[in-house]
Amino acid sequence: MTPNPEPPLLLHQVQLLEAEGAELRRCDVLIQAGLLTAIGGDAPAQAKACGAQVLDAQAWLLAPPLVDPHSELEDPATGSAESLASLERSALAAGYGTVALLPRASSWRDRPERLQGVAPFGGLQLLLWGSFSHGASGADLAPHGDQLAAGAIGLAEADQIPPLALLERGLSLGECGDAPVLLAPRDASLSQGGFVREGVEALRAGWPTDPSISETLPLQNLLAMARRHPKRRLQLMNLSTAEGVSLLRELPAEQRPEATVCWWHLLADSGSLDPIAEGWRVVPPLGTPADRLALQQGLADGVLTAVAVHHQALDAEEQLLPLDQRKPGVAGHRFVLPCLWQELVLQRGWSAGQLWQALCFAPARLLGLASPSLSLGSDQWVVFDPSRQWQPSNDNWGPQAANQPATTGTLTGQLLASGLIPELRRWPVSLA
């Protein structure tokens, strides 16, 4: 809650993306007390009547908040790497309105009682995935029906495929009903201990490699399971190879499971990332340049469904360990929108609507949520400036995680404001 009421603001000729499938258009928008009060029409007259400040917003985009279909938070209360309070603050400041947490935690969320007590402090919509097996051990099924009745949005597992016999049993019992079952197409026993995909770039750098079969073989098994159980909503988590995209592309659209891709795999690969940069240690591993381009094209074509942040925070002590001994993962919601805008919109020619489809509308559908949209009287809005330059090292709204891959240098593109976090207002001083 802010100490002083926020003055009314008129965003003059802002680019407006109202809903999924809507055309981008320019109009005036009046914001009062963090709510959308008028869109187009008599917005200028209402703004004049209430004495609103006018901001020249022609270069900005006003759209619904983003949706993160899966991230992790091991210790919501007192985590040294990340707490719920710090995660919520940084996600909201990055433009996210919804974050769904995977069951991995210090006490694995595989029972109804462990799904309770994890509630956000402010405007973030926090959703929880239940667990497919007890502790992701792959030995016993968790109580699927009880978890869903307790509020779980679906069932998920760890970062590899569960034993096929257990998967078959769980899908056959059908306690999951039509709730999503999110599984990673990965078999760690086939990875050969590598942490980047095999390719010329990895061989030149001397990195231990992980063959693509560690994804494609379990992916084929999951696709077979999806055909065997058409009434179950099987989803694929973090696809990472060109071969995996090709397997999905061969299927008719109506038989193709929904699939996510981590934002980092759309930006980094074994040929472009500096050998000493942050971001090498991730699961699934970084691929080749061809893998990255195939993932981008698969997302553009709808073969892949949605972009996940898959935030995995490490503390400073863990980050000091050698690369092959530390936990995998990258952190930071705040990098996703500006970095993907530069990569996909400016370099690859995507429209703003296409990017919002991957970051907002499709992730909401994957989670079974209503499609986000802008509406009068709502605080569900964000304003993004694609040309604003900023330095992550000077940003006070970042997460507390130590493993953030884009903290050095200057980034272009920044969230200016969100109706969900009134404390964040990065409006320029000059008025129109």
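The model is predicted, so local features are described only where pLDDT is at least 70 and side-chain atom pairs only at pLDDT 80 or more, while totals for chains, interfaces and linings use all residues. Residues are numbered from 1 along each chain as its sequence is written, and side-chain values use heavy atoms, with hydrogens and water left out.

**Stop 1: helix α2**

Select residues 84-93, which form helix α2. Helices here are DSSP runs of H or I with at least four residues, strands are runs of E with at least two, and both are numbered from the N terminus. Eight of the ten residues in α2 are buried (under 20% relative accessible area; exposed is over 50% and partly exposed lies in between, with a 1.4 Å probe and protein chains only). Colour Leu84, Ser86, Leu87, Glu88, Ser90, Ala91, Leu92 and Ala93 to see the buried set. Now show β7 (96-101), β8 (125-128) and β18 (411-418), the strands that these buried residues pack against (contact means heavy atoms within 4.5 Å). Step just past the helix to Gly95, where phi is positive, at about 105°.

**Stop 2**

Two packed helices are described by the angle between their axes and the distance between the axes. The axes are lines fitted to C-alpha atoms, for helices over the stretch in contact, and the angles run from 0 to 180 degrees between N-to-C directions.

Select α4 (residues 164-173) and α6 (residues 213-228), whose axes come within 11 Å and cross at roughly 20°. That angle makes α4 roughly parallel to α6 (under 35 degrees; over 145 is roughly antiparallel, 65 to 115 roughly perpendicular and the rest oblique). Show side chains for Leu164, Leu167, Glu168 and Leu171 of α4, together with Asn221, Leu222, Met225 and Arg228 of α6, to display the contact. By class, the α4 contact with α6 has five nonpolar, one polar and two charged residues (Ala, Val, Leu, Ile, Met, Phe, Trp, Tyr, Cys and Pro count as nonpolar, Asp, Glu, Lys and Arg as charged, and the others, Gly among them, as polar).

On the α6 side, pick Glu215, Thr216, Leu219, Gln220 and Leu223; on the α7 side, pick Glu243, Gly244, Leu247 and Leu248. The α6 contact with α7 holds four nonpolar, three polar and two charged residues.

**Stop 3: Asp269**

Move to the loop between α8 (263-267) and α9 (289-301) and select Asp269. Is Asp269 buried or exposed? Asp269 is buried, at 1% relative accessible area. Leaving aside residues up to four places away in sequence, Asp269 touches Gly287, Thr288, Pro289 and Arg292.

**Stop 4**

Pro322 sits in the loop between α10 (316-319) and α11, and with 40% relative accessibility it counts as partly exposed.

Finish with α11 (residues 336-347) and α12 (residues 352-366), which pack at about 135° with axes 11 Å apart. That makes α11 oblique to α12. Select Val336, Leu337, Leu340, Trp341, Leu344 and Val345 in α11, which meet Ala352, Leu355, Trp356 and Leu359 in α12. The residues of this contact divide into ten nonpolar, no polar and no charged.
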